[in-house]
Amino acid sequence: MSVHIKATGKYIPNGVLTNKDFEQIVETSDEWIVTRTGIKKRHKVVEETTVDMAYYAAMDAINKGSIKKEDIDLIIVATITGEQKTPSIANAVQMRLGLETAMSFDINAACTGFIYALEVASALLSTFAYNRALVIGSETLTKIVDYTDRNTCILFGDGAGAAIVERSKDASHFFSQAKPDYNDYLTVKKYIHMDGKRVYIFAVDAMATSIEKVLEKANLTIDDIDAIIPHQANERIVQAVSKNMNIPYERFEMNIAEYGNTSAASIPITLAEYKEKHPDKKRVLLVGFGGGFTYGAAIVNV
Ligand code: COA
């Protein structure tokens, strides 16, 4: 499968929740949150919906890549926070873009959603039935956070990231998996419920496995990769992966201090920020994990 990411975009809402704000909401401290997670603040929607943010991130990518919207014929949105069951967020984005024809649908693979969506887009593009995909992660997690649970409420934020994906001569590689969460360690029925310690253990292992597997599939080593774009859930998870795999921590792009965990939006937001810093072509490794449990990785040029 050969695709590349032609352009990236993001949308970050203006509302902000700092660690100090959380000191007024639950029994916690800025010091605890920073040392245990690396998070300093997270952004929060003011009036925006998940659809609004998905659309704004899409427009950012479209503008940055000087893409003709009419050329987009596939839209996939990864999210767990759609406002309604149907039409999908992707259908709504299609409407906002004014595209009369396109295939558009959402997928739910929790925080691994963007990687799953990228692999699905890549597979559909490789059939030649579609030519240009818009892949988005958009989340309003602050609406499904239990503000009485200090174990979880401090972790999550809102935002959206988008990528324009095309067939390419550059090789791309994917690894996507899920294994059952028999004990409901990470669920959203009404609010996010999580056994942090169990998820942490799963996450460190799942990230390492995903990095290894995708490199193996690509027949590459980590030295062939320009940057690793990990899901931003906890700085300590990435530090543990870096240590266990003997990969320097500086090779992982991090922005968790600013945004917290934005689930399916975290990887595309981080990717968009990486691309802004490095406009020349780079080979990146995206890696994530989340509820399901889902996990996966992708190697793609951007
Ligand atoms: N402020 C202050 N204290 C807190 C707190 C908070 N916000 N949240 C929990 N604590 C307390 C706990 O109650 C516990 O107190 P106790 O020892 O008296 O019982 C203590 O801090 C230690 O809790 P623990 O769960 O051991 O902390 P931790 O170091 O494992 O960190 C997480 C908790 C949630 C930050 C961490 O487990 C984590 O990041 N897990 C993975 C989460 C994740 O990635 N989720 C997203 C998946 S996509």
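**Exercise 1. Burial and overall dimensions**

What percentage of the 302 residues in the protein chain is buried? Determine also the secondary-structure content and the dimensions of the chain.

Solution. The model is a predicted one.

Step 1. A residue is buried when its relative accessible area is under 20%. Buried residues account for 59% of the 302 residues.

Step 2. The chain contains ten helices and 13 strands. Its radius of gyration is 18 Å, close to the 19 Å given by the globule rule for 302 residues, so the chain is as compact as a globular protein of that length.

Step 3. Along the principal axes, the C-alpha atoms fill a box of roughly 55 × 45 × 40 Å.

Step 4. Among contacts with a separation of 6 or more, 77% join residues 24 or more positions apart.

Step 5. The accessible surface amounts to about 13,000 Å², and carbon and sulfur atoms contribute 48% of it. As for charge, 33 side chains are positive and 38 are negative, with the centres of the two sets 2 Å apart.

**Exercise 2. The nonpolar cores**

Which residues touch the most other members of the largest nonpolar core? Identify the elements that supply this core, and then examine Leu215.

Solution. 

Step 1. The largest nonpolar core has 48 residues, and those touching the most other members are Ile211, Leu215, Ile222, Leu285, Phe289 and Ile299.

Step 2. Two or more residues each come from strand E10 (192-194), helix H7 (196-218), helix H8 (235-245), strand E12 (283-290) and strand E13 (294-301). Helix H7 gives the largest share, eleven residues.

Step 3. With neighbours within four places in sequence left aside, Leu215 contacts Leu220, Thr221, Ile222, Ile225, Leu285 and Ile299.

Step 4. There is also a second, separate core of 28 residues, whose members include Ala78, Ile107, Val165 and Ala298.

**Exercise 3. The surroundings of Tyr147**

Where does Tyr147 lie, and which residues does Tyr147 touch?

Solution. 

Step 1. Tyr147 is found in the loop between strand E6 (132-140) and helix H6 (150-153).

Step 2. The relative accessible area of Tyr147 is 27%; Tyr147 is therefore partly exposed.

Step 3. Not counting residues up to four places away in sequence, Tyr147 touches Leu17, Phe22, Ile25, Val26, Lys44, Thr142 and Cys153.

Step 4. Pro13 is 134 residues from Tyr147 along the chain, and their C-alpha atoms are separated by 19 Å.

**Exercise 4. Backbone features in loops**

Is the peptide bond from Thr86 to Pro87 cis or trans? Treat likewise the bond from Gly292 to Phe293, and then examine phi of Ser66 and Asp184.

Solution. 

Step 1. The Thr86 to Pro87 bond is cis, with omega near -5 degrees. Pro87 is located in the loop between strand E4 (74-78) and helix H4 (89-97).

Step 2. The bond from Gly292 to Phe293 is cis, with omega near -5 degrees. Phe293 belongs to the loop between E12 and E13.

Step 3. Ser66, a residue other than glycine, has a positive phi near 45 degrees. Ser66 sits in the loop between helix H3 (50-64) and E4. Its relative accessible area is 66%, so Ser66 is exposed.

Step 4. Asp184 is likewise not a glycine, and its phi is positive, near 55 degrees. Asp184 lies in the loop between strand E8 (173-178) and strand E9 (186-188). At 37% relative accessibility, Asp184 is classed as partly exposed.

Note on methods:
Residues numbered from 1 in each chain as written. Predicted model: local features only at pLDDT ≥ 70, side-chain atom pairs only at ≥ 80, totals over all residues. Heavy atoms only, no water. Helix = DSSP H or I, 4+ residues; strand = E, 2+ residues; numbered from the N terminus. Rg over C-alpha atoms; globule rule 2.2 N^0.38 Å. Buried < 20%, exposed > 50% of the residue type's maximum accessible area, 1.4 Å probe, protein only. Contact = heavy atoms within 4.5 Å. Areas by Shrake-Rupley, 256 points an atom, 1.4 Å probe, with all protein chains shown as cover. Lys, Arg positive; Asp, Glu negative; His and termini not counted. Charge placed at Lys NZ, Arg CZ, Asp CG, Glu CD. Core = buried A, V, L, I, M, F, W, Y, C linked by side-chain atoms within 4.5 Å.
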